[in-house]
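Here's a walk through this fold, one piece at a time. Keep the viewer open and click along as you read.

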Amino acid sequence: MSIDENALSGLRSTLEADDYRMAVTETGDNVEVTITAGPAACEDCLVPKPIMRNILHAALGVPEDSIVLVYPADAS
């Protein structure tokens, strides 16, 4: 599995507009996607995890259950 950075660029731009950053890492058969919030992040602008997982599935071409998604609220 290889990460298609071009496929993620549009999503990264959208997240950055709301002061979020996205890191994508391959972990064996899974892809870990960590989204972090900047100081001006809009809490209501981040879609629920099932919707983000579906978006990432389309962008990455991997099954949704292979995506480990970490949101800013998960860290607290």
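Start with Lys 49, which sits over the face of Tyr 71, 5.8 Å from the ring centre. A charge counts as over a ring when NZ of Lys or CZ of Arg is within 6 Å of the ring centre and within 35 degrees of the ring normal. This is a predicted model, where local features need pLDDT of at least 70 and side-chain atom pairs count only at pLDDT 80 or more, while totals for chains, interfaces and linings use all residues. Residues are numbered from 1 along each chain as its sequence is written, and side-chain values use heavy atoms, with hydrogens and water left out.

Now for the sheet. It's an open one of three strands in the order β1-β2-β3, with mixed pairing; strands here are DSSP runs of E with at least two residues, helices are runs of H or I with at least four, and both are numbered from the N terminus. Two strands pair if DSSP finds at least two bridges between them. The edges are β1 and β3 (67-70), each pairing on one side only. From one strand to the next, the twist averages 15 degrees; angles run from 0 to 180 degrees between N-to-C directions, and axes are lines fitted to C-alpha atoms, for helices over the stretch in contact.

Look at β1 (residues 20-27) and β2 (residues 30-37): they pair antiparallel over eight bridges, and Ala 23 faces Thr 34 in β2. The two strands make a hairpin with two residues between them, and Gly 28 in the turn has a positive phi of about 70 degrees. On to β2 and β3, which run parallel and are joined by four bridges. There, Val 31 stands opposite Ile 67 in β3.

Next, the helices. The axes of α1 (residues 5-17) and α2 (residues 49-60) come within 8 Å and cross at roughly 145 degrees. Their contact (heavy atoms within 4.5 Å) involves Ala 7, Leu 8, Leu 11 and Leu 15 of α1, with Met 52, Ile 55, Leu 56, Ala 59 and Leu 60 on the α2 side. And how does α2 sit on the sheet? It lies across β1, β2 and β3, running at about 135 degrees to β3.

Last stop: the cysteines. There's one disulfide in the structure, and it joins Cys 42 to Cys 45, with an S to S distance of 2.2 Å; the cut-off for a disulfide is a pair of cysteine sulfur atoms within 2.5 Å. The torsion about the S-S bond of Cys 42 and Cys 45 is about 75 degrees, so this disulfide is right-handed.
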